[in-house]
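Thank you all for coming; I would like to walk you slowly through one protein model this morning.

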Amino acid sequence: LLEEAETISGSSLEDTPKARKLCDSVRLFDQLLANGEADRALACIRSVLTECSDGTHLKLKLCRALLACGRHDELFKTCTDLQAKKDLSEQFKSEVEHMLAKALTHKGKIVEAITRFRELLRKDPDNAEYQSDCKKLKAMYAKLQEGDQLLSKTNFSQARSLYTEALDMDPTNDGFTATILSRRAETFHKQREEVSSCTESLNKAEKEVEQAQKELELAKMRLERAQQRLKDSRASNERVLKSFRQDECPTSDAPDPTSPYFETKSKDFVGKWAIFKAIDDSCNALDRDSFCVRALVCRARCYVLIEEFSEAILDYERALASPQVNENPLAVNSICIKEELRVAQQKQNSAKIDHYQALGLRQGGSNVTADDIKKAYRKLAIKYHPDKLGHLGGEARERMERKFKQITEANAILSNPTERRMYDIKNTSYSRSSGRYNDYAYFGSSYRPSHHNPYAGGGYPFNSSRSSFFNHDDDDEYDSM
């Protein structure tokens, strides 16, 4: 102490009353600390440090007082500052390191404190105090880890038991005690959350079961209604089919109105005979009244069903050009006719028919021989020849004559080797892109049906004495669709 006082004052002890007072204060500090009066000892050493703040040994005493008073944060800072000083003895460094390890222990930083004690034991393995403190810390940390593992596995009761046991290991360690208490509080909170979650899941499952039962009852009701509708539909279908078969009349004065290319895929066409009869009756109605909108629309719809889109477009255009539609469009529902015309034009644009298909030769190209073309043409020429159709009405005869014109044009090209070769090279097909009846332009520029343009007049292609479709005097009122 004398050396410390002389160092602080810069002169001998006998000549410096300040140094003598300093030594008396240091002796008083030691007595107070030994008697357990840590607060007075701390106040005493602080008063000494105000006189000589650079005293390294005095700061070590300050660390002891801070440890005794439980001021671990200030102790940690003071020890850290002392470690930064140079030219310290190994014994002094070890004591500061020990103080720092104790500060970390009381701050609850168990892992860092264990690391410090291990470093101290490496330097002084026989130190009993170091061994005791390190062993105690390891036991505390092991208990904490075991409790955390049980907590993570939601084993709350056992985790709380371990945390409670850990509290008795070092009751004076406020940092460690706070850590243990916070973990034990977490066990209560998480256990309550688990109970709440399970209760919520149970309530949700009960509601789902209740909802599923309601949906099941509704599904059963829908199933019963669907089964009843199925039963009624079957009965209605049987009744309608029975009546339909009884009314079936396959014979007709006019030839089959379907094109050759459609005949093969129309074998399974339901009610084909009814479509033919509807076309026959519509033709007969138009023979008597060329402006009968109902007959034109009905025949157009039948043509759409058998994929005669060009004929359907003609009839829709004739219906829109009729006086009934022009005089009262709302009464005749011209919007519906225009929409059906648009759909028919779209279908026509997506369907391409070449000369081979016009003759019913689906293979096309080099796979068709000259004999195949000749046989197909003869068969269709007999079917559609005007001399065979004298018994038909004007409307039906005109349509069949247009068919005959088509197959004649197709045969003229395909039966000529040179023209057929050029046709195959160019891969010419029906032009169906304009929305008008372009098939006639395809088969020849000289042929146009008189009613293609209802206001153009014109002659009948196979009978020049026949007047236009629209040169009739008597018109029936078509009041609704």
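This is a predicted model: local features need pLDDT of at least 70, side-chain atom pairs count only at pLDDT 80 or more; totals for chains, interfaces and linings use all residues.

Let me start with the cysteines, where the count comes to 0 disulfides, a disulfide being a pair of cysteine sulfur atoms within 2.5 Å. In general terms, a disulfide is a covalent bond between the sulfur atoms of two cysteines. The cysteine sulfur closest to that of Cys 79 belongs to Cys 63 and is 3.8 Å away, which is too far for a bond. Cys 79 itself is buried, with a relative accessible area of 0%, where buried means under 20% relative accessible area, exposed means over 50%, and partly exposed is in between, with a 1.4 Å probe and protein chains only.

Residues are numbered from 1 along each chain as its sequence is written, and side-chain values use heavy atoms, with hydrogens and water left out.

Now to the overall picture. The protein has 22 helices and 0 strands, taken as DSSP runs numbered from the N terminus, with helices (H or I) of at least four residues and strands (E) of at least two. Of its 481 residues, 40% count as buried. If we take contacts (heavy atoms within 4.5 Å) with a separation of 6 or more, 59% of them are between residues 24 or more positions apart.

What about the interior? The largest nonpolar core has 45 residues, and those with the most contacts inside it include Ile 279, Tyr 316, Ile 337 and Ile 407; such a core is a set of buried Ala, Val, Leu, Ile, Met, Phe, Trp, Tyr and Cys residues joined through side-chain atoms within 4.5 Å. Several helices each supply at least two residues of this core, among them α12 (272–288), α14 (309–320) and α20 (394–414), but α13 gives the most, with 8 residues. Apart from this core lies another, of 25 residues, including Leu 22 and Phe 92.

Two alanines let us look at the helices in detail. Ala 295 is found in helix α13 and is buried, with a relative accessible area of 8%; leaving out residues up to four places away in sequence, Ala 295 touches Ser 282, Ala 285 and Leu 286.

Which aromatic rings come together? The structure holds 1 aromatic pair, formed by Tyr 356 and Tyr 423, which is tilted, with 6.1 Å from centre to centre and 45° between the planes. Rings of Phe, Tyr and Trp (its six-membered ring) pair if their centres lie within 6.5 Å, and planes under 30 degrees apart count as stacked, over 60 as edge-to-face and the rest as tilted. Tyr 356 lies in helix α18 (residues 355–358) and Tyr 423 in helix α21 (residues 417–426), so the pair ties together parts that are 67 residues apart in sequence. Both tyrosines, Tyr 356 and Tyr 423, are buried.

Finally, the charged end of Lys 109 sits over the ring of Phe 76, 5.8 Å from its centre, the rule being NZ of Lys or CZ of Arg within 6 Å of the ring centre and within 35 degrees of the ring normal.
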